[in-house]
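Visitor: I would like to learn how to read the features of a model like this one, step by step. Could we take the structure first and then go through it together?

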Amino acid sequence: MATDVNLTASVPGIDELPREFQPRTLRRRALQALIALAVLFAVVLFAPGLGEVRDRLADAAPGWLALATVFEGLSFASYVVMFGPIFCAGLGWRRAWEIGGSELAMGSLVPASGAGGLALGAWVLYRGGMEGDRIARRSVAFFLIKSGVNFVAVAVIGTALAVGLVGPDLSLWLTAFPAAMATLAIVGVASLPRLGSGPRPFPGPDASRSERWLSATRRAVVRGITEARGILRSADRRVLAGSFGYWFFDNAVLWATFHAFGMSPPITVILMGYLIGQLGGLIPLPGGIGGIDLGLIGVLVAYGTSAAGTTAAVFAYHVILFWLPLIVGSVAFAMLRRNMPSRGEFASCAPAIAEQST
């Protein structure tokens, strides 16, 4: 059988990091992100009309900000916990820390919801001998499990808000509509394997590069969704705890930064606003700076929080979200570079929970 995903086309030399992960490129990305963060900081400090925001920032409670930092550290740890069992049941904690932590460091510099970090992890696993098609399937499964908690939460909490089981009392546009959209997204993704399960031949030798890429991507997505379901059915505690913890503790960071500035919006509002506002991170900006901030501020204000307090809370949230994974993940990346996997390290990796697709 032909290999589903040929990663060698994207690996410019098996003994060297790809160009996008070379130190020079990473330094440039870090500089871009820092400049964007500095511009955002300057706007908050000096722009007219933001005096109340500056007053809020000056009165921040250090204890709540320290708690927010702890929560982000727990979210970081949760990501590492779920990384190993999804990709390789026999992956040691050190390797899971090095690869998963490096992915999160890349996620601070590269937008698009962590896709850049997953690309680094895929390269490392491939360098260590794991088959490309398995990496592609597992990357899809990992992304879906990690992100799916958000959509399930919005579907459940939005429905509960809409029917009045929990408060506050909000418009159906802010409760039932997001819940319906999240449910449709879950159902749509879960239905893809059926829609794409028909027999489709592999592209022939004369097929264009785009045709081969589309065929490989379709198979990886369909099989990745199937494997994600198998992984969840296995109810592995590390996967369940890691995926829930990654989502929960990141929400808790935002909850704590609100309290740092004397605000205590209902937790349901934070949980609903979190996913919708995070969509701003898909905008290709350095570190997602600006996109995430405006998305979260706009959505949370629509849910009834004050503009000044929300701006201060989101600003503090994004500073923590940017710096902690970058600093801690950079340590993991440095360790990974000094101890790159050998060519066959992951070749005999034990099957990771669900039976591999064929």
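Visitor: Leaving aside its neighbours within four places in sequence, which residues is Phe249 in contact with?

Guide: Contact here means heavy atoms within 4.5 Å, and in this predicted model Phe249, with its neighbours within four places in sequence left aside, touches Phe71, Leu74, Ser75 and Ser78. Phe249 is found in helix H9, where helices (H or I, at least four residues) and strands (E, at least two) are DSSP runs numbered from the N terminus. Phe249 and Val70 are 179 residues apart in sequence, yet their C-alpha atoms are 9.0 Å apart in space.

Visitor: Is Ser78 buried or exposed, and where does Ser78 lie?

Guide: Buried means under 20% relative accessible area, exposed over 50%, and partly exposed in between, with a 1.4 Å probe and protein chains only. Ser78 counts as buried because its relative accessibility is 9%, and Ser78 lies in helix H3, residues 62-87. Beyond four places in sequence, Ser78 is in contact with Gly242, Gly245, Tyr246 and Phe249.

Visitor: What conventions and confidence should I keep in mind?

Guide: Residues are numbered from 1 along each chain as its sequence is written, and side-chain values use heavy atoms, with hydrogens and water left out. As this is a predicted model, local features need pLDDT of at least 70 and side-chain atom pairs count only at pLDDT 80 or more, whereas totals for chains, interfaces and linings use all residues. The chain averages a pLDDT (the predictor's confidence in each residue, from 0 to 100) of 82, and 84% of the residues score at least 70. Over residues 1-15 pLDDT stays under 50. Where pLDDT is low, the predicted coordinates should not be read in detail.

Visitor: How many helices and strands does the chain have?

Guide: The chain has twelve helices and zero strands. Of its 358 residues, 49% count as buried, and among contacts with a separation of 6 or more, 80% are between residues 24 or more positions apart.

Visitor: How do I read the packing of two helices, for instance H9 with H12?

Guide: Two packed helices are described by the angle between their axes and the distance between the axes. Axes are lines fitted to C-alpha atoms, for helices over the stretch in contact, and angles run from 0 to 180 degrees between N-to-C directions. Helix H9 (residues 237-260) and helix H12 (residues 307-338) pack at about 135 degrees, with their axes 8 Å apart. H9 is therefore oblique to H12, given that angles under 35 degrees count as roughly parallel, over 145 as roughly antiparallel, 65 to 115 as roughly perpendicular and the rest as oblique. On the H9 side, the residues making the contact include Asp250 and Phe258, and on the H12 side they include Gly309 and Tyr317.

Visitor: At what angle do H4 and H12 pack?

Guide: Helix H4 (residues 93-109) and H12 pack at an angle of about 135 degrees, with axes 7 Å apart, which makes H4 oblique to H12. Among the residues in this contact are Trp97 of H4 and Phe322 of H12.

Visitor: Which backbone details deserve a look?

Guide: Most residues other than glycine have a negative phi, and most peptide bonds are trans. Here a cis peptide bond joins Gly167 and Pro168, with omega about 0 degrees, and Pro168 is found in the loop between helix H6 (132-162) and helix H7 (176-195). Ala235, in the loop between helix H8 (209-234) and H9, has a positive phi near 55 degrees. Ala235 is partly exposed, because its relative accessible area is 41%.
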